[in-house]
Amino acid sequence: MTTAAEETIPFTPRPPAVKINSIGFGDVWSSLASGWRDFLAAPLIGLFFGGIYAAGGIAIFLLLKVYHEPWWIIPIAVGFPLVGPFVAVGLYETSRRLAAGEPLRFGEILTVVLAQRKRQVAWMAFVVLFIFWMWLYEVRMLLAIFLGFKSFSSIEAFLQVITGTPEGLGFLAVGTGVGAIVSFVLFCTTVIAIPLLLERELDLITAIIMSFKAVFQNLAPMLMFGVIVVALTFAAFVPMFLGLLVVLPVLGHATWHLYKKVVAPEA
């Protein structure tokens, strides 16, 4: 016999468990190759999302130049890979459609991207932006500790100080260490969680836990992928962020394919 209280409580089934596969270095290279193929299969879509990223970098650089602090573009550029995974949602959807044989209608892909503001991915945006903001705060604090509140007239002057003085080398060493830790934490947080949230109806905390589990279960291959992402992103910055037009979409597509290798299909 059931009580009235029991009858009013709806039954909500638990989401199926997420199974994490073990991968190797070959899977990383295979994912990168698949990312390149997806870019060639849908170049205009890739260039659109890469263009948003490149335009943002150029706009930030010009704004900093107007305020006579162009050297800030270096720590901002270091933090750029932190927000890349969230920007790449449209690329994940493109790769998903290519693999499923679904039509690539640009309007539908944008609709999926915009729809994420009502899902758990939107909360991930707050996590990413918060860590990015903390990274900039750490840079300011380290500057104050090692160099005082100095202002640099150009990027060249900033680089000369941090590479040619004991204080600058101390700032560079500690800043690199802090940046590596911040990047690793956010890489673990997002690399699997964002595509997982795009594909499945999970809560944010579960997705983040699964993302950390995926990284630590496949630590060496995932670290290699992270290093490749950072290296290619920095290389893309050199021609005034224009390299991001190609690098960002290729890495976005590659991340989706790596996710599909790491996370087993739903039962």
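In this predicted model, the side chains of E93 and R96 meet in a salt bridge, with an N to O distance of 2.9 Å. Both residues belong to helix α5, which covers residues 89-100, and they stand 3 residues apart, about one turn of the helix. An α-helix has 3.6 residues a turn, so residues three or four places apart point the same way. E93 has a relative accessibility of 4% and therefore counts as buried, the limit being under 20%. R96, at 23% relative accessibility, counts as partly exposed.

E93 also forms a salt bridge with R97, and here the closest N and O atoms are 2.7 Å apart. This pair again lies within helix α5, with a separation of 4 residues, about one turn of the helix. Both E93 and R97 are buried.

A further salt bridge joins E108 to R97, the closest N and O atoms being 2.9 Å apart. This pair links distant parts of the chain, since E108 is in helix α6 (residues 106-115) and R97 is in helix α5, 11 residues apart. R97 has a relative accessibility of 7% and counts as buried, whereas E108, at 32%, counts as partly exposed.

| Pair | Closest N and O atoms | Separation in the chain |
|---|---|---|
| E93 and R97 | 2.7 Å | 4 residues |
| E108 and R97 | 2.9 Å | 11 residues |

The structure holds 6 salt bridges. A network of salt bridges links E93, R96, R97, E102, R105 and E108.

Attention now turns to another helix. Helix α12 spans residues 219-237 and contains 19 residues. From its first C-alpha to its last, α12 reaches 27 Å, close to the 27 Å expected at 1.5 Å a residue. Its buried residues are P221, M222, M224, F225, G226, I228, V229, T233, A236 and F237.

F130, W133, M134, Y137, M141 and I145 make a nonpolar surface patch of about 690 Å². One of these residues, I145, lies in helix α7, which runs over residues 120-147. I145 has a relative accessible area of 57%, and because this is over 50%, I145 is classed as exposed.

How values were computed
Residues are numbered from 1 along each chain as its sequence is written. This is a predicted model: local features need pLDDT of at least 70, side-chain atom pairs count only at pLDDT 80 or more; totals for chains, interfaces and linings use all residues. Side-chain values use heavy atoms; hydrogens and water are left out. Helices (H or I, at least four residues) and strands (E, at least two) are DSSP runs, numbered from the N terminus. The expected span of a helix is 1.5 Å times one less than its number of residues. Buried means under 20% relative accessible area, exposed over 50%, partly exposed in between (1.4 Å probe, protein chains only). Patches are made of residues with over 30% relative accessible area and no salt bridge: like charges are joined within 9 Å, nonpolar side chains (Val, Leu, Ile, Met, Phe, Trp, Tyr) within 5 Å. Accessible areas come from the Shrake-Rupley method with a 1.4 Å probe; for residues, only the protein chains shown count as cover.
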